Amino acid sequence: MMQKTRRRFVETASGVVHIAANGSGAPVLLLHQTPRSWMEFRDVLPILGAQFHAIAMDTRGFGDSDPLPPEWTTIEGWAAAALELMDALEIPRFSVAGHHTGAIIALEIAAAAPERVENLVLSAMSFVDAERRLQHADEEIIDAVEPRDDGRHILELWERRRPHYPKGTGRDLLERFVVDALKAGPMAAEGHHVVYRYRMEDRIGRVRCPTLVLAPSEDRKALMAAPKVAAAIPGARLEAISGGTIPFPDHLPKIFAGAVATFLKANDSTGRQ
């Protein structure tokens with residue numbers, strides 16, 4: 001029987017963070033992509049919660065979490081804020097799983113606080129180095145739409161994202177996305193810029209914990225980056241996910257949760273299996 005997901009606000013050293021949690025036992029922190037919220041893991045939480053204490057946070061400036069000051073709105077700042085959350089929850093050690101932007105934040109957490117991260121799951125993560133930053137400079141930001149009084153920007157946002165969502169099941173997923181994107185406001189676009197200001201090549205080699213790199217087959221850019229990500233982390237395991245899309249945790253929650261759970265149990269050094 002699945003447990004009920006619980007939501008609450010947590011006071012941290014630098015501001016209020018909104019979380020949703022399910023289950024008990026070994027803690028695993030879930031981090032969403034830009035410009036989503038904990039809702040990306042709405043259907044993942046009760047599945048993981050059957051075996052773990054699954055915690056999905058709204059990244060600072062997204063969902064219902066307080067934004068950080070502009071000068072702290074970096075991958076490093078978001079990672080530090082996540083560590084503050086775990087301090088406030090009195091959780092000294094935990095596993096962390098992130099998707100897209102969330103994966104990059106998760107990577108930085110593992111690099112910055114290796115003594116606190118037991119296992120790391122990186123889903124659909126870009127490899128952000130000098131070459132990728134240069135490419136990004138010429139790219140259009142998919143979520144950069146100009147607000148209009150007649151609301152046409154909402155349809156524009158929908159149409160920009162629709163080709164990247166699975167046919168047949170996309171409407172509900174797109175509705176969730178649009179709600180989160182509208183709530184994020186300017187951060188919906190800025191979050192992408194934050195990713196590409198991160199110097200991943202200086203940080204990824206610091207990861208020492210067991211790491212799983214998930215490569216959704218229908219997320220083409222992430223699929224191409226996955227081998228490079230895995231090769232840069234000692235001992236990392238690469239797992240292809242057939243049928244996985246950009247909204248992988250939303251679209252295939254059982255498969256996402258299953259991959260995370262299997263990996264965490266296989267690398268549990270505490271005897272909690």
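This is a predicted model: local features need pLDDT of at least 70, side-chain atom pairs count only at pLDDT 80 or more; totals for chains, interfaces and linings use all residues.

Q: Which residues in H4 meet which residues in H7?
A: To read a helix pair, start with the side chains that touch. Here Arg132, Arg133 and His136 of H4 meet His192, His193 and Tyr196 of H7. Sorted by class, the contact holds 3 polar, 2 charged and 1 nonpolar residues.

Q: At what angle do helix H4 and helix H7 pack?
A: Angles over 145 degrees count as roughly antiparallel. Helix H4 (residues 130-137) and helix H7 (residues 187-196) pack at about 150°, and their axes are 9 Å apart. That angle is why H4 is roughly antiparallel to H7.

Q: In what order do the 8 strands of the open sheet run?
A: The order here is S1-S2-S4-S3-S5-S6-S7-S8, with mixed pairing. Strand S1 (6-12) and strand S8 (237-241) are the edge strands, each pairing on one side only. From one strand to the next, the twist averages 25°.

Q: In which sense do strand S6 and strand S7 pair?
A: Follow the bridges between them. S6 (residues 117-123) and S7 (residues 211-216) pair in the parallel sense over 4 bridges. As an example, Ser123 has Leu214 in S7 as its bridge partner.

Q: Which strands does helix H10 lie across?
A: To place a helix on a sheet, list the strands under it and check its direction. Helix H10 (residues 253-266) lies across S3, S5, S6, S7 and S8, and runs at about 150° to S6.

Notes: Residues are numbered from 1 along each chain as its sequence is written. Side-chain values use heavy atoms; hydrogens and water are left out. Axes are lines fitted to C-alpha atoms, for helices over the stretch in contact, and angles run from 0 to 180 degrees between N-to-C directions. Helices (H or I, at least four residues) and strands (E, at least two) are DSSP runs, numbered from the N terminus. Angles under 35 degrees count as roughly parallel, over 145 as roughly antiparallel, 65 to 115 as roughly perpendicular and the rest as oblique. Contact means heavy atoms within 4.5 Å. Ala, Val, Leu, Ile, Met, Phe, Trp, Tyr, Cys and Pro count as nonpolar, Asp, Glu, Lys and Arg as charged, and the others, Gly among them, as polar. Two strands pair if DSSP finds at least two bridges between them.
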